[in-house]
Amino acid sequence: MAMQQDWVNKDYYGDLGVSSTASAADIKKAYRKLARENHPDSNPGNKSAEEKFKRVAEAYDVIGDEAKRKEYDELKSMVNSGGFGRFGGAGGSGFPGGFRSTSTQDFDLGDIFGSAASRGQAGDSGLGDIFGGFFNRGGAAGRNARPTRGADVETEITLDFREAAKGTTIPVELTGDAPCTTCHGSGSKSGTTTTCSQCSGTGYLRENSGAFGMARPCPQCGGTGEIIEDPCTTCSGTGTVRRSRSITVRIPPGVIDGQKVRLAGQGEAGPNGTPAGDLFVSVNVRPDAVFTRTGDDLEVTVPVSFSELALGGTVTVPTLDNPVKVKVPANTPNGRTLRVKGRGVPKKSGAAGDLLVAVEVAVPSHLDAAATSALRAYAQAEKDSGFDPRAGWAGLK
């Protein structure tokens with residue numbers, strides 16, 4: 001729940017410069033623009049830009065994800081409307097101020113957020129019901145307070161432009177909790193556990209104090225609801241050990257700078273055999289000396305001669321794979337963009353974007369006597385034909 005607690009003081013819409021009603025497409029567009037402007041590779045040594053880049057990436061990770069955005073919006077709405085504060089003390093300051101009874105009868109938190117009877121289980125209410133149900137992670141909505149999964153892990157990698165466009169596999173070194181190989185993650189030598197007698201397997205102990213009831217994790221089982229009678233000596237009964245491991249991460253084609261790739265179940269191992277968390281790989285993409293991209297289209301500027309534009313011809317153009325031949329029609333203006341279908345960035349569907357080829361005249365830095373003489377003859381012939389490149393330009397006659 002720590003991640004959602006951090007959301008309370010964050011304005012992710014403000015960080016991306018969009019409204020809370022912005023569409024997913026507008027959010028993605030704003031993220032791409034800000035990530036490109038503030039990327040560390042484009043702003044070496046600029047700490048302000050680096051911090052901005054991190055805030056933008058964090059914001060997009062939340063409101064760029066439909067499920068997380070819904071949770072974030074619900075949380076901010078509850079906080080802004082005083083939804084937490086109404087359960088506070090006299091000052092209405094929320095949970096830190098305590099809980100105030102509205103009558104002389106005792107009540108507990110289960111009465112507010114749903115009694116155990118309404119779930120068909122006894123003694124199952126507690127603080128976990130408040131946050132676990134709302135955030136749908138790690139609460140006591142199940143049988144006990146046992147952690148439901150291992151921690152998520154984040155790491156960063158840097159790819160060349162072409163690796164990111166085509167997709168690649170890359171080894172990543174991680175250090176964290178991994179399943180104990182001695183007990184296979186159970187925490188027990190024999191692989192068996194017994195129900196905690198103190199909390200009857202719920203993981204919580206209920207306490208009544210004055211006008212309200214509270215629940216706290218059971219100290220005997222640590223909130224798991226189970227007791228390991230024969231702890232594994234390798235992991236001391238936790239089911240996990242700290243170790244380094246190397247995994248191969250497959251980066252799909254077409255990832256953009258700042259995008260995160262999620263690998264389910266590749267995070268830290270959960271305690272006592274619970275599922276592992278997820279691994280989030282943040283991808284940084286180095287600029288390319290030849291290519292840029294807009295969406296799934298690949299862009300390249302090709303130098304050409306004046307004669308190639310005036311008379312037409314065929315030029316060789318690089319792609320992400322093998323070069324292609326592109327026909328330049330006669331009388332092509334300088335700066336025109338020619339489109340080559342299907343030679344851009346691969347898409348998830350298996351198709352690819354287009355290759356956009358901009359032609360740009362390259363002026364020779366030196367001409368020999370023969371070329372100079374020929375060019376002067378051409379210039380005179382051009383003038384004699386009545387051609388004026390500035391005719392009608394800027395009001396000139």
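**Salt bridges and nonpolar cores**

The side chains of Glu 37 and Lys 33 form a salt bridge, with 2.7 Å from N to O. This is a predicted model. Both residues belong to helix 3 (residues 24-38). They sit 4 residues apart there, so about one helical turn separates them. Glu 37 counts as partly exposed because its relative accessibility is 42%. Lys 33 is partly exposed too, at 44%. Why can such side chains pair? Side chains of opposite charge can do so when their charged atoms come close.

Lys 47 has 60%, so Lys 47 is exposed. Glu 50 has 25%, so Glu 50 is partly exposed.

The next pair is not in a helix. Arg 339 and Asp 354 join their side chains in a salt bridge of 2.9 Å, N to O. This pair links distant parts of the chain, 15 residues apart. Arg 339 lies in strand 15 (residues 337-340), while Asp 354 lies in the loop between strand 15 and strand 16 (355-361). Arg 339 is partly exposed, at 48% relative accessibility. Asp 354 is buried, at 11%. Salt bridges can also share partners: Asp 61, Lys 68, Glu 154 and Lys 260 are joined this way into one network. The structure holds 18 salt bridges.

Turn next to the nonpolar residues. In soluble globular proteins, nonpolar side chains tend to be buried together. The largest nonpolar core here has 36 residues. Ile 251, Val 283, Val 317, Leu 355 and Val 357 have the most contacts inside this core. At least three of the core's residues come from each of domain 2 (153-187 + 232-286) and domain 4 (291-361). What does Val 317 touch, leaving aside residues up to four places away in sequence? Its contacts are Val 300, Val 302, Pro 323, Val 324, Val 326, Leu 355 and Val 357. A second, separate core has 20 residues, including Trp 7, Val 18, Ala 30 and Tyr 60.

Phe 306, Leu 367, Leu 375 and Tyr 378 make a nonpolar surface patch of about 370 Å². Phe 306 lies in helix 9 (residues 306-311). Its relative accessibility is 47%, so Phe 306 counts as partly exposed.

Terms used. Residues numbered from 1 in each chain as written. Predicted model: local features only at pLDDT ≥ 70, side-chain atom pairs only at ≥ 80, totals over all residues. Heavy atoms only, no water. Core = buried A, V, L, I, M, F, W, Y, C linked by side-chain atoms within 4.5 Å. Buried < 20%, exposed > 50% of the residue type's maximum accessible area, 1.4 Å probe, protein only. Domains from an automatic or database assignment. Contact = heavy atoms within 4.5 Å. Patch = residues over 30% accessible without salt bridge, like charges linked within 9 Å, V, L, I, M, F, W, Y side chains within 5 Å. Areas by Shrake-Rupley, 256 points an atom, 1.4 Å probe, with all protein chains shown as cover. Salt bridge = Lys/Arg side-chain N within 4 Å of Asp/Glu carboxyl O. Helix = DSSP H or I, 4+ residues; strand = E, 2+ residues; numbered from the N terminus.
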